[in-house]
Amino acid sequence: MVDVEPLILDWSEPDAVFPSRAMAFVDLVDTESPSIHRIVFASNSHRILPPVADRHAGRVTVVTKAGKPWRLDHVAGLPRPVTVIGDQPGTDGVLAWRLGGRFHQWVHRGAQPWWPRLQLLLSAAFAPLIFRPLTRGVG
């Protein structure tokens, strides 16, 4: 599962940009990780995202008003293991934890609206209790 904002679209970008960005992401996944079977783009926002031209017949799903991390109906049938990529440990990370999957935090370096900044501050208190940082081994 991939968080739409800000990984695919910045918060200020128009919805119409989404299909081309989503398919560019799918193409990158196909090149780098061809074993990935399903991609779900999910956003808690109220955006109305245009459909993605799914060249892979049902492999790509787009969910708006996703209710992360509480709603699970849109991800219940996903093949396991599940990986969630997003910017918020408090929503994306907790969703991955609830699904028994992995969470990869994508750190946004640009300007953010106040709500995502506040979420990051609040989740910083509990994230170390749930998540452990990736360690890189040598050799």
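Rings of Phe, Tyr and Trp (its six-membered ring) pair if their centres lie within 6.5 Å; planes under 30 degrees apart count as stacked, over 60 as edge-to-face and the rest as tilted. The structure holds two aromatic pairs. This is a predicted model, in which local features need pLDDT of at least 70, side-chain atom pairs count only at pLDDT 80 or more, and totals for chains, interfaces and linings use all residues. Residues are numbered from 1 along each chain as its sequence is written, and side-chain values use heavy atoms, with hydrogens and water left out.

**View A. The aromatic pair of Phe18 and Phe41.** The two rings are edge-to-face, 5.7 Å centre to centre with 90° between the planes. Phe18 belongs to helix α1 and Phe41 to strand β2, 23 residues apart (helices, H or I, of at least four residues and strands, E, of at least two are DSSP runs, numbered from the N terminus). Both Phe18 and Phe41 are buried (under 20% relative accessible area; exposed is over 50%, partly exposed in between; 1.4 Å probe, protein chains only).

**View B. The aromatic pair of Phe25 and Phe41.** This edge-to-face pair has 5.9 Å centre to centre and 75° between the planes. Phe25 lies in helix α1 and Phe41 in strand β2, so the pair ties together parts 16 residues apart in sequence. Phe25 is buried. Ring pairs link Phe18, Phe25 and Phe41 into a cluster.

**View C. His37 in the loop between α1 (18-32) and β2 (39-42).** His37 is exposed, with a relative accessible area of 59%. Leaving aside neighbours within four places in sequence, His37 is in contact (heavy atoms within 4.5 Å) with Arg59 and Pro79. The C-alpha atoms of His37 and Arg59 are separated by 6.7 Å.
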